[in-house]
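Student: Please take one part of this model and look at it closely. I would like the aromatic contacts, and then whatever surrounds them.

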Amino acid sequence: MGPDLYSVLPAVHSSLANSTTLIDVVAVIATIWALRGALRVARRTFRTTRLRGPPRTDLVFGVSKQIIESTDTAALYEAWAGKYGVVYEVPTTLGGRKIMLSDPRALTHLFSKDGWSYVLIDETRLVIRRIFGPGIMCAQGEDHKRQRESLTPAFSQAPIWKFTPTFYDSAHKAKVAWDTMIDASGSDNIVVKVQNWLDSTGLACFSHDFGSLDGKPASVAEVLDTVASSPMQSAVDIGFFLLSEVFPFLAYLPTPRMKLLLEMQRTMEDISKKLLARIKKEKEEGVLDGKEERSIIGMLMKANDSNSGLRSSPEEVLAQMKILLAAGYETTSIAMTWALLELARNPGIQNKLRQELLAFGEEPTYEQLQSSLPYLDAVVHEALRVHPPVADLIRVAVENDIIPVSESVITKSGEVVNSISVARGTLIGIPISSINRSISIWGSDAKMFRPERWLKEDGIPGKAQDIQAYRHLLTFTDGPKICIGKGFALTEFKVRLLYCVRTINNY
């Protein structure tokens, strides 16, 4: 689906809003399906290479339902790559197809064009825009470039260096809160909410202390926790989710999952507007006169006052705030939870890390966190390798392209090729968790949590080194749309883990 189909979505949304019968809805779907078919025929003078892949297991959903319901999608993707090659195709909803890339050279090519030749699918862009607004997550091309340039100064080394004491303060408060809970329970064992670290995000991003580590209720934390811990999607949610990849307007329908996401959106928008109003008021009253701006959103607003050509609209500023709230709170918490779980499973690794931290003594500075604690660095990157917060990505080609591959691929007709043709409108999948843990890429111990691989000169296999992303991992993706908050997340993650392991024994 391309811009031609995307442009009719507002009209379709209006039609759905006024429809009262199932026949009306079916008629709209049939019309769009016919339009989609006509567009596909018109575009296919340049044809996508047909590849081998798993057979369709569902008449309507292909293998998409199998993927979404799998308890280990990484293993599923790896098994298919082993059987059909590093580039293969999977059948998707209503007769569609998606090319899956597990080849380093192909991935480098795609990520170099991410946001330009390959963009978010319409359904994903609609949902992100509806929940967060017109921020950097759904921006493409020149719009993304402008937004990224306006945000980059706030995520550079100097601001993160200034945020580091804030991370330590929050870590200390968390440790005190956990000690209090353990003492009150009268037991040496207690379940704690590792994700309850909203304070450091609030202080670094907005100069606001939510007080969550002091026991104060935070509505945004509660709604984010509800969304994250909601039970497995119902059959209705799954069905509409998969159909919306073909018919993006279905993202407007009030499914149970969408109602929950919209509740999250309203809560985040409410708190973001209040924080933005406070920052503007302080600025107008001269509270910040002569003071160095220390929050990410404050730096963005300061950039807006210049005539640099990188100004953000009020809607974009609000969208960036909501993205910072969700991403800053949830993704680091996921990584932290998995890291602590792996340390609990591997007491030898836990003890080795603790010994390094205790031997170092003082609280490491920002610079020391980057270079003076090699085992901490290894544990953090191993956790991000084995447990990436985002398991996979989908892109759609907006122009015809030729993708090179590093090893020969056998097509569906049996031809051996060293590149594949990708026609405009073709879906491309990137199985991040599978690639990060692939035995063919990372070696026979790829599934093991083994930080030592990052410390040896030959610890990273040659095939893994061919992946050009940060530290040869796709956890932060790559190319023009690589995660802008990577440095922020890594520093906060290290401080959290350091404080927990150094001060609390035997997870």
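Tutor: Start with Phe488, which is buried at a relative accessible area of 6%. The model is predicted. Phe488 pairs with Phe155. The two rings are edge-to-face, 6.3 Å centre to centre, with 75° between the planes. Phe155 lies in the loop between α8 (141-151) and α9 (157-185), while Phe488 belongs to helix α22 (residues 486-503), so the pair ties together parts 333 residues apart in sequence. Phe155 has 13% relative accessibility, and therefore it also counts as buried, the limit being under 20%.

Cys500 is buried, at a relative accessible area of 4%. Cys205 is buried too, at 2% relative accessibility. A search of the whole structure finds 0 disulfides. Arg502 lies over the face of Tyr499, 5.8 Å from the ring centre. Another charge sits over a ring elsewhere: the charged end of Arg385 is over Trp442, 5.3 Å from the centre of its ring.

Now the other rings. The structure holds 8 aromatic pairs. Among them is Trp80 with Tyr88: the ring centres are 6.5 Å apart and the planes meet at 70°, so this pair is edge-to-face. Trp80 and Tyr88 are both buried.

Ser102 is found in the loop between β2 and α6. Ser102 is buried, with a relative accessible area of 9%. The C-alpha atoms of Ser102 and Ser438 are separated by 9.2 Å, although the two are 336 residues apart along the chain.

Last, the sheet. It is open, has 5 strands in the order β1-β2-β7-β4-β3, and its pairing is mixed. β1 (87-91) and β3 (118-119) are the edge strands; each has a single partner, so one side of each lacks a neighbour in the sheet. Strands β4 (residues 393-397) and β7 (residues 427-430) run antiparallel, joined by 4 bridges. Arg395 stands opposite Ile428 in β7. Helix α6 (residues 104-112) packs on this sheet and touches β2 (97-101), β3, β4 and β7. The direction of α6 makes about 115° with that of β7.

Terms used
Residues are numbered from 1 along each chain as its sequence is written. This is a predicted model: local features need pLDDT of at least 70, side-chain atom pairs count only at pLDDT 80 or more; totals for chains, interfaces and linings use all residues. Side-chain values use heavy atoms; hydrogens and water are left out. A disulfide is a pair of cysteine sulfur atoms within 2.5 Å. Buried means under 20% relative accessible area, exposed over 50%, partly exposed in between (1.4 Å probe, protein chains only). Two strands pair if DSSP finds at least two bridges between them. Helices (H or I, at least four residues) and strands (E, at least two) are DSSP runs, numbered from the N terminus. Contact means heavy atoms within 4.5 Å. Axes are lines fitted to C-alpha atoms, for helices over the stretch in contact, and angles run from 0 to 180 degrees between N-to-C directions. Rings of Phe, Tyr and Trp (its six-membered ring) pair if their centres lie within 6.5 Å; planes under 30 degrees apart count as stacked, over 60 as edge-to-face and the rest as tilted. A charge sits over a ring if NZ of Lys or CZ of Arg is within 6 Å of the ring centre and within 35 degrees of the ring normal.
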